[in-house]
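These are my notebook entries on a structure that was new to me. I set down in turn what I looked up.

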Amino acid sequence: MPFNSDTAREAGKKSKRGKARLGQELKERLEQLSNELIESIKIEELSSSDRVRLLGIVCSYILPKYKATTAPIKDEPQEFVIQIIDSNGKERS
């Protein structure tokens with residue numbers, strides 16, 4: 001059987017991957033556990049450096065991540081003046 005676009009389409013429909021290992025019940029339990037852990041953190045008892053570290057971790061999940069961009073380069077003509085000065089300090093043309 002030749003492998004062309006039609007047979008490739010059919011092969012793509014047949015997945016050899018197994019079912020997801022994490023069931024919905026386990027996902028809900030992990031979410032509940034993480035919520036309990038977050039609520040149990042007593043922020044007022046943390047040191048300043050721990051608060052800053054916690055803020056950095058939380059911000060990475062809350063704030064969108066932006067890609068670094070560069071400012072557009074303007075192609076404005078620049079004028080250069082070249083002066084040739086001899087060893088006596090006089091300008092040459």
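**Entry 1: Gln78**

I began with Gln78, which is exposed, with a relative accessible area of 61%. In this notebook buried means under 20% relative accessible area, exposed over 50%, and partly exposed in between, with a 1.4 Å probe and protein chains only. I found Gln78 in the loop between α3 and β1 (84-85). I then looked up its distance to Leu46: the two are 32 residues apart in sequence and 56 Å apart in space, C-alpha to C-alpha.

**Entry 2: Source and confidence**

I noted that this is a predicted model, in which local features need pLDDT of at least 70 and side-chain atom pairs count only at pLDDT 80 or more, while totals for chains, interfaces and linings use all residues. Residues are numbered from 1 along each chain as its sequence is written, and side-chain values use heavy atoms, with hydrogens and water left out. The chain averages a pLDDT (the predictor's confidence in each residue, from 0 to 100) of 82, and 90% of the residues score at least 70. Confidence is lowest in helix α1 (residues 5-13), at a mean of 77, and highest in helix α3 (residues 48-62), at 89.

**Entry 3: Elements and overall form**

I recorded three helices and two strands, in the order α-α-α-β-β from the N terminus on. Helices (H or I, at least four residues) and strands (E, at least two) are DSSP runs, numbered from the N terminus. The radius of gyration of the chain is 33 Å, whereas a compact globule of 93 residues would have one near 12 Å. That radius is taken over C-alpha atoms, and the globule rule is 2.2 Å times the number of residues to the power 0.38. The C-alpha trace spans about 90 × 70 × 25 Å along its principal axes. Of the 93 residues, 1% count as buried.

**Entry 4: Ala68**

I next looked up Ala68, also placed in the loop between α3 and β1. Ala68 is exposed, with a relative accessible area of 83%. Ala68 and Leu26 are 42 residues apart in sequence and, C-alpha to C-alpha, 38 Å apart in space.

**Entry 5: Thr7**

Is Thr7 buried or exposed? I found that Thr7 is buried, because its relative accessible area is 16%. Thr7 lies in helix α1. A polar atom of its side chain lies 2.8 Å from the backbone nitrogen of Asn4.

Definitions and conventions. A polar contact is a pair of N or O atoms within 3.5 Å; within protein, one must be able to donate a hydrogen and the other to accept it, and residues adjacent in sequence count only if both atoms are side-chain atoms.
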